[in-house]
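Here is a set of questions and answers on a protein structure. Take a look at it before reading on.

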Amino acid sequence: MNMAWKEIKKNKLRYTILGSIVFLISLLTFIISGLANGLSQDNASLIKNLPNGIFYMEEEADETYSFSSLSKQQQQEITEEESEAAFFSIQMGNFIDTSDKQRSIAYVAADSAYFPEVNPGEVILDASLEDEGIAVGDEITNEQWNQSLTVAGFAEHEKYSHSPAAFINPDDFQTLFHTDSMQIAFIADSAIQNADDAPIFEGLQAFSNNEFLNTIPSYNAEQMSLNMIVIFLLVISGMLFAIFFYMINVQKLGIYGILKAIGMKTGALFQMMWAQMFLISAFSLILSILISQVFQSLAPSGMPFHLTWQATGLLSLVFIIIGFIGATLSGIQIKRVEPMQAIQQGEM
Amino acid sequence: MSLFTIKHVRKTFAHGEVKEEILKGIDVTLSEGKITALTGASGSGKSTLLTIAAGLQTASDGQIFFEQQELTSMRKEELRQIRAKQFGFIFQSAHLVPFLTVEEQLALMLETAESSLSKQEQKKEIRQVLELVDMWKRKDAYPPSLSGGEKQRVAVARAIIHSPKVLFADEPTASLDSKRSQEVMKLIQKLSKERQITVLMVTHDMEMLPFVDHVIKMKDGIIINDITA
Ligand SMILES: Nc1ncnc2c1ncn2[C@@H]1O[C@H](COP(=O)(O)OP(=O)(O)OP(=O)(O)O)[C@@H](O)[C@H]1O
Ligand SMILES: [Mg+2]
């Protein structure tokens, strides 16, 4: 018999309150997680767009890409080992657009299929700048340069350190920034999960995609604080389940005792509680998944918000596991209650 | 050997340092298919004896036999199965499940007793028993909307729906007025006869004695009188 559902139906208010709280907390969690992911895209989509693989920087650079410099000889060594290796450099800077407005930007030079190919004298910009009024054919320049670059096109979602990326030709990069080396090498390899498994090159330090992202100074701090909030919300929701089921169970101890007296299995009582926990969370989670996706589609385009179905699915699973643990912990009372207690209480 | 025997049962409760012996060596044999009443002053140990016999609490000493099996040496799970399948219970207050309808209370008992009846047969049996206690017309009602007498009649129905061999009842009529008490008592008598159920019940009420076959009087933890009618 479906006791779990029958009880929910008879005590709608009580379970609606629990459901609404779970709904609100999970919605908040999804939204913060969407923000965390959105900010991470906004911060480093340039790197996040790359496939799984290994990044190399000079060991002496101490995890700071701008200090890294891979000489022609080192580049050759890497290419001999891995012919598909890509090399690129990033330089934070700014430019002045046609309306004399100064904008900060991340210049990227690469000879690789992972990034757009750019002719000398041209630049390809992140699409966010197109929304701000820059058009193909515009000339951009910089106070320190004695040349300008022509906007040749736009690329979707290419940002680094919260700045739009500007892809330029490696030769231009060398002239403009007075360097003849590349900073970073990248080897795509879907099998590698850990930088320790990567091929070793003398004087170079290897990074997995995530490790490389964490070398971006703002990236780590941002993600850590948002992820902490998400973890706290998950813990709070677990405690909520525990407290709520504790209160509900305390009120039902008499019934549990009587049911045990007439021979019902303790396991059946637990199953009833688990079924209720599952029904309530499934209902609340589906609602907050839908609403967070609606929020995503309505959110202003400038808002760094990015929530995938996978992310919400995974978080929902965690919610259910935590709710299960919370409910089970509070269910210890069910195990403890003796039929005699309930019978004697009835006589009071 | 008879169906249900209580042998030299003792029960001691500890009140802090002080130990108090509530049952001081009780021997009872229940007459099969008959109603046995436990009477005696308040505090004489009737409820304690009944719950020990029913496997709801342990004896400090002595043995209880049901169908050749010694309940006093059984594991909790074995005892639970016996309670579910072979015993029925009526408590002083009805103790129904508040969120189940009258009909569902009985269905739950059949489920707990792992009844071998098909769903269809179960429905028929529930109807029959509810008609017996005159509650069929209220089958869809929830306990909070029933009167005390109606609740107790449902409790009686729940106690016998799975055809238990032994029915334990602790003052089943205490919360009812005299007229209702008589009705419930008649009902228990009828069920016991029709279904060959052995009954052990505690009662204070002398008006109930005409309905029983065997009266055991207790005082201060011992049996002072044992009369078979
Ligand atoms: N769990 C317990 N712990 C300590 N003492 C108990 C416990 N249960 C019962 N007693 C004591 O045992 C004695 C007998 O109690 P019991 O409930 O068996 O009496 P009774 O004959 O059923 O009385 P009544 O007619 O009032 O129901 C009482 O003095 C009671 O205080
Ligand atoms: Mg009593």
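A salt bridge here is a side-chain nitrogen of Lys or Arg within 4 Å of a carboxyl oxygen of Asp or Glu. The model is predicted.

Q: How many salt bridges does a search of the whole structure find over all chains?
A: Side chains of opposite charge can pair when their charged atoms come close. The search covers the whole structure and takes in all chains. The count is 19.

Q: Why does the pair E104(B) and K6(A) join two chains?
A: K6(A) lies in helix α1 of chain A, residues 3-10. E104(B) lies in helix α3 of chain B, so the pair joins two chains.

Q: How far apart are the closest N and O atoms of E104(B) and K6(A)?
A: The two residues form a salt bridge. The cut-off for such a pair is 4 Å. Their closest N and O atoms are 3.5 Å apart.

Q: How many salt bridges does the rule find across the interface of chain B and chain A?
A: The pair E104(B) and K6(A) is one of them. Across the interface of the two chains, the rule finds two.

Q: Which element gives the largest share of the side of chain B that touches chain A?
A: Two elements of chain B give two or more residues to this side: α2 (76-86) and α3 (102-112). The largest share is six residues. They come from α3(B).

Q: What is the area buried between chain B and chain A?
A: The size of an interface is often given as the accessible area lost when the parts come together. In this model, 26 residues of chain B are in contact with 22 residues of chain A. Carbon and sulfur atoms give 70% of the buried area. That area is about 2200 Å².

Q: Where does ligand 1 lie?
A: The residues around ligand 1 number 14. The closest are S42(B), G43(B), K46(B), S47(B) and T48(B). Ligand 1 lies between chains A and B.

Q: Which element gives the largest share of the shell around ligand 1?
A: By class, the shell has three nonpolar, nine polar and two charged residues. The largest share is three residues. The element is α1(B).

Q: How far is an oxygen atom of ligand 1 from an N or O atom in the side chain of T48(B)?
A: Ligand 1 also has an oxygen atom 3.0 Å from a polar backbone atom of G45(B). For the side chain of H204(B), the distance from a ligand oxygen to an N or O atom is 3.3 Å. For the side chain of T48(B), the distance is 2.5 Å.

Q: What percentage of the accessible area of ligand 1 does the protein cover?
A: On its own, ligand 1 has 640 Å² of accessible area. The protein covers 69%.

Technical notes:
Residues numbered from 1 in each chain as written. Chains lettered and ligands numbered in written order. Predicted model: local features only at pLDDT ≥ 70, side-chain atom pairs only at ≥ 80, totals over all residues. Heavy atoms only, no water. Contact = heavy atoms within 4.5 Å. Buried area = accessible area lost by both parts, 1.4 Å probe. Helix = DSSP H or I, 4+ residues; strand = E, 2+ residues; numbered from the N terminus. Near = heavy atom within 4 Å. Polar contact = N/O pair within 3.5 Å; in protein donor to acceptor, adjacent residues only side chain to side chain. Areas by Shrake-Rupley, 256 points an atom, 1.4 Å probe, with all protein chains shown as cover. Nonpolar A, V, L, I, M, F, W, Y, C, P; charged D, E, K, R; others polar.
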